[in-house]
Amino acid sequence: MPQLTWPESALFLVLLAGSIFGFWLRFRKVWHIVRQSKKDADFQLQPVGRRVADFFWEVMLQGKVISQRPLPGIAHALVFWGFCVFALITANHFAEGLRIGFLHRAGFFGTLYFDIAAVFAIAVAVSITGLAFRRFVIRPKWLGPLSPESGIIALLIFLLMATYLATFVEGWESSRWLWWAHTLTILIFLPLVPHTKHLHLLLSPLTIFLKRDTFSKIPPLAGDEDFGLDTGKDITELISLQAFTCVECGRCSQHCPATNTGKILNPKEIALGVRAYLNEFGPTSEEPLLGDQISGAHLSQEAVFQCTTCGSCEFQCPVGVQHLPMIIGLRRGAVNTGKWEDDYGTKLFLNLERNGNALGFSSSERDKFIQKQELPLFDGTQDYCLWLGCMGAYDPQGREIIASLVRVMRGLNASFGVLRKEKCTGDPARRLGNDLAFGQLAESNLETLRENKVKRIISICPHCVRTIGTDWAEYGQAPPIEHHSEFLARHLDQLPARTGEGEKIVYHDPCYLGRYRGVYDAPREVVAKFGTLTDPPRSRERSFCCGAGGGLAFLGEERGKRISVERAEELVATGASVVAAACPFCNTMFRDALAGVSATPPKLLDIAQIAAASFAPSDK
Ligand code: SF4
Ligand code: SF4
């Protein structure tokens with residue numbers, strides 16, 4: 001390095017102080033907002049092991065970034081790893097400015113480290129050029145409008161690498177000009193970080209480490225005065241931190257079924273809306289969070305009620321933003337304070353309250369179905385309590401799925417019984433933000449299960465499985481529950497073998513079975529046993545929603561294109577003769593959608609119906 005004169009060192013110190021001050025000015029404000037936000041009542045640091053593992057995978061190895069978008073992901077990872085390597089180089093560079101440099105190119109370690117850093121510098125320079133090319137030339141629409149700040153940051157990173165690499169040119173190692181060029185680039189870069197979306201460089205490791213432990217977790221309300229996210233005062237530290245961490249990459253929007261079908265909802269704008277609110281009003285404001293486009297609010301009520309709670313956004317986000325607690329929190333705020341006015345919603349809540357089911361039928365209809373199918377009542381001696389759910393008890397197609405599963409269970413000699421009384425699990429109320437209705441249903445059902453001494457539940461509905469298995473925990477311990485795909489896969493060897501080739505069957509992953517429960521292979525194993533399995537382009541973790549979740553199956557017409565139609569087109573395009581579903585809600589959504597997109601639509605079957613076809617009717 002060049003030997004700086006004392007005036008140069010003094011100038012460096014002044015500039016460094018100015019740069020740090022510029023950084024601190026904005027960072028302090030963000031940090032203050034986060035810390036001023038309400039505490040997360042349910043937050044627990046345990047289990048730390050899981051947090052460390054996530055941190056290692058998502059931050060250090062950049063696993064999520066690479067697995068979701070491999071090429072830009074690797075480029076991003078190289079920039080990140082390069083920054084890690086350059087931490088020591090930069091610390092030494094600043095020390096040199098004060099004439100106390102500690103890393104020298106003459107020593108063994110110094111030579112090795114500088115050389116390794118040079119390799120990373122080349123990788124970073126190439127990667128940042130590639131990322132800038134993608135952003136400014138290819139311009140994927142999910143990245144949003146071009147921002148000059150991204151260009152400036154990319155240029156500064158490139159200059160940092162170039163001015164470092166130039167010191168390896170013979171005779172330039174001690175160039176004063178190079179030293180100052182490198183220094184000034186860092187000093188300009190530093191204050192820009194907290195003023196731009198590159199704040200994620202600092203916040204995302206913390207956000208990922210601290211994020212809630214369960215996918216799409218709905219945190220419990222903290223007492224009678226907690227109505228959900230109604231005003232700024234209700235925004236919690238985690239929500240605040242996540243909102244400021246969003247890097248605006250648009251991965252969440254790219255996979256959102258609502259955004260993709262012309263709705264107002266865009267999950268990125270939810271995170272950015274919370275951030276904009278906090279910047280404008282702060283976390284102690286009593287300004288309402290939700291408004292409409294006319295009022296110019298940062299967050300739209302119509303948008304949050306367009307969410308199917310499919311979880312795709314949360315699953316995709318590389319920096320730990322958890323959209324569902326935000327979206328459902330905002331719904332809670334609107335519903336619990338009476339600000340959400342929707343005829344369908346009101347009818348649904350009344351149905352749940354008066355009839356105990358979402359479809360509004362009298363419970364005697366359920367009794368008739370039980371009698372007609374000769375379903376045994378659960379008496380405490382059987383292995384399984386077969387949970388009918390609203391769809392299985394009242395919806396004609398849902399009933400067919402139950403009848404098929406019953407035929408299989410009888411064929412396998414699995415003992416089961418159904419409850420005499422069973423109410424909706426409360427899933428639509430929970431996801432639409434009606435905590436009162438949800439709590440009453442959960443408590444009533446838990447009591448019934450206790451009275452009947454149920455030890456194990458099986459269900460055809462992934463929404464019931466999630467709600468009973470996870471959401472009810474706020475009100476008491478439910479018996480273990482499994483989805484019928486898991487039961488069928490476990491008994492695969494006992495199912496009759498298929499005869500012949502079997503039909504080409506395309507399997508649609510339901511969001512609440514796949515992303516929520518991580519069950520991808522079990523239904524596929526069942527399908528593959530009886531036909532030739534094929535996947536649509538968007539499958540497994542990236543499956544595209546049917547449009548029914550989050551209570552939307554019970555609300556009115558959708559704005560824009562129907563989500564079910566978008567998905568049905570994709571399923572039909574595979575050329576399969578059968579569409580296999582594993583959720584009665586998917587089934588009901590695709591019933592009309594498939595007929596609407598094809599003159600000769602494929603058959604629509606649940607995996608239980610596919611498996612039941614191998615049993616002779618007499619097996620019943
Ligand atoms: S949960 Fe699904 S529908 Fe809702 S915002 Fe996220 S991606 Fe969109
Ligand atoms: S919320 Fe996450 S996925 Fe969506 S734009 Fe922000 S960083 Fe990207």
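The following exercises, with worked solutions, concern a predicted model.

**Exercise 1.** Describe the overall make-up of the chain: its helices and strands, its box, and its buried share.

*Solution.* Begin with the secondary structure: the chain holds 27 helices and ten strands. Next, consider extent: along the principal axes, the C-alpha atoms fill a box of roughly 95 × 60 × 45 Å. Then turn to burial: 44% of the 620 residues count as buried. Finally, examine the contacts between residues at least 6 apart in sequence: 79% of them join residues at least 24 apart.

**Exercise 2.** State which domains the chain has, and describe how domain 2 meets domain 4.

*Solution.* The domain assignment lists domain 1 (6-210), domain 2 (232-336), domain 3 (356-489) and domain 4 (492-619). Between domain 2 and domain 4, the C-alpha centres are 30 Å apart. Contact joins 13 residues of domain 2 to 17 residues of domain 4. On the domain 2 side, α11 (257-260) and α14 (312-316) supply at least two residues each. By class, that side of domain 2 comprises four nonpolar residues, eight polar and one charged.

**Exercise 3.** Determine which residues come nearest to ligand 2 and which elements contribute to the shell around ligand 2.

*Solution.* Around ligand 2 there are 14 residues, of which Cys246, Cys249, Cys252, Cys317 and Val321 come nearest. The elements giving two or more residues to this shell are α10 (251-255) and α12 (267-281). Of the shell, α12 provides the largest share, three residues. Sorted by class, the shell contains nine nonpolar, two polar and three charged residues.

Definitions and conventions: Residues numbered from 1 in each chain as written. Chains lettered and ligands numbered in written order. Predicted model: local features only at pLDDT ≥ 70, side-chain atom pairs only at ≥ 80, totals over all residues. Near = placed C-beta within 6 Å. Helix = DSSP H or I, 4+ residues; strand = E, 2+ residues; numbered from the N terminus. Nonpolar A, V, L, I, M, F, W, Y, C, P; charged D, E, K, R; others polar. Domains from an automatic or database assignment. Contact = placed C-beta atoms within 7 Å. Buried ≥ 20, exposed ≤ 12 C-beta atoms within 10 Å, placed from the backbone.
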